[in-house]
Amino acid sequence: MSIEMEKISPLRRIMQLIFTRRRTEMIWCYIFIFPFVLFFCAFTIWPIVGTVIYSFTHVNGAGLIDQFVGFKNYTSLFSDSTFLRSVVNTVFFTTVNTLIKLPLSLFLAILLTRHWLKGRTFFRTGFFLPLVIPGAIVGMIFTFILNPANGALNAFLLQLNLVSRPINFVGSRWLGMFTIILVSVWGILGQYMIYWMAALQSVPEEVYEAAEIDGANEWQKLTLITLPIIRPVATIILFLGLVNGLRVFDLVLTLTSGGPGSQTYVVDYYIYARAFTVTPPNYGVASAASLLFGTAALIVIAIQGYFVTHSQRTIHEYGS
Amino acid sequence: MTKLFTGRFRLYNFIAWFFLIIVIFFWMYPFIWLIFASFKLPLDLFKSGASLLPKAWTIENYQRAWVQAHFSTYFFNSTFYSVSATSLSVLIAGMSGYVLARYQFPGSKLLYGFILAMLFLPAAASAVPVFTLMKNLKLLNTPYSVILAMTGGGGFTTLLFVGYFKNIPHDMYDAAIVDGANFVQQFMLVLPLAKPIIATTVIFTFMSAWNEFFMPLIFTLSTPKLRTLAVGLRAFYGEFSFDWSGFAAATVISVMPIILVFILFQDYFVNGLSGAVKG
């Protein structure tokens, strides 16, 4: 009897050990994953689910759902000229901002990665610096510099007799939009320079050496080697640029507050204004706006994704 | 190498310098102007326009901003929120990335798929649901709401950690198990190995938390003492719109520390950011 026990027990002991260790491991896994699940649900899943739910309902001031209203929030959006103007402004901002910041940052990235340029680190640091300043603070700094009463830029223009009286850079819709666009470029350009520099570094040095032996000049190396090789990365950078542009908010709030009137509203500002600056807040319409625009952004990403895979396939086919 | 700075290349260098020095001056002008403005007397600043040097130097602006306008508090808040959110972020993503990379348990594949799927959804202007969530949890006007929102969903950082932990050789764990290390000890053993990912996560989270304006703005509307630097600056602008030099000093207080940090750790910043396109 006792001999039999001793024969079985080591095996059972091991089985037990494995089984319980596996179970303790499992419990630990859930303990480790729990905080993430909590945050993921609260700040990734819930915002999306909540936006969908709110967009079809009327939400009262306490943040609780009153009643289901169908597409009423959406129809009121489309009859709201301020919303339509916000969409146009956002698309305008994104397009022009991207058209300026991408080529400009590419140019500077190429220039600041040339081996013959001395003091590269100094210039790079200079261009990167605005990056660490919060967008809202960038907006406020420029509010002062662009101020029509006695701001630095107007004083400068007046001294040079370039203008006869001070310009109000945020005084009208398109001038205001251009101001926001240019200030945004100042704030964000460094980030795109970093992206381009990373792309430029991915080009193998040997390719250039081979080209030099074949007698290629700097311009030929750039247009025939560098640009074609970094094209797949360029699509990613373009995508980052567009998505970043669609979410413009801080600068609008601090530079123009959407004004004059609601002339320089962008979509995120519209959402903010409807949800947080009026009493009672209109969460329904704000959510409908963000859902609509989020979907539109998703479509942009999908198209972009198609081009990324497409260009990667092209690279693959031709080999690189 | 010697060839580089002779002839053609030397000419290129000087042409580029000519162009770059002019551009960089105007590029840095807002900073330079701001720093000088913060040392000017209020009336001097009001009349000085684009000129830089103060007629008389003063540091009263800084005293006003730091004490009366509460920028000492705002500075503490911004730092506290960003550091808390960053630590939370690293801890949460490190833990979840670790178990997702090493273990399979009921629901792990589903969760992984969810994280991937959500990466491709643009974070819809998520302010309203997050705001109502905080409101219902009674966390509005507390530091917690700001820190939690700054920490965010963490899907992207978790994936970074998953990728890294997957590449850690199994022998490492086996050795630890033989030594009798328990679950937590094994985790503590490999976490320091993920240093590059930790650095990336720290930079990403810290930068976005430090730059976050919207959440602190709407979460601390009725509690001025919880404001961040940017929110405080905006309030300052509204309350003391006549005090330009005080505003300039407050702005310098708000941006200079992070600029110094940036200059010191520039390489980490650049590497962290280029991670987005290197993929």
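**View 1. Chain B holds 15 helices and zero strands.** Helices (H or I, at least four residues) and strands (E, at least two) are DSSP runs, numbered from the N terminus. This is a predicted model: local features need pLDDT of at least 70, side-chain atom pairs count only at pLDDT 80 or more, and totals for chains, interfaces and linings use all residues. Residues are numbered from 1 along each chain as its sequence is written, with chains lettered from A and ligands numbered from 1 in the order in which they are written.

**View 2. The radius of gyration of chain B is 24 Å.** A compact globule of 279 residues would have one near 19 Å. The radius is taken over C-alpha atoms, and the globule rule is 2.2 Å times the number of residues to the power 0.38. Along the principal axes, the C-alpha atoms of chain B fill a box of roughly 75 × 65 × 35 Å.

**View 3. Chain B is divided into domain 1 (2–62) and domain 2 (71–239).** The bounds come from an automatic or database domain assignment. In chain B, the C-alpha centres of domain 1 and domain 2 lie 38 Å apart.

**View 4. Chain B meets chain A with 71 residues from chain B and 71 residues from chain A.** Helix α1 (residues 7–37) of chain B gives the largest share of the chain B side, 12 residues. That side divides into 50 nonpolar, 17 polar and four charged residues. Nonpolar means Ala, Val, Leu, Ile, Met, Phe, Trp, Tyr, Cys and Pro; charged means Asp, Glu, Lys and Arg; the others, Gly among them, count as polar. Two residues are in contact if their C-beta atoms, placed from the backbone, lie within 7 Å.
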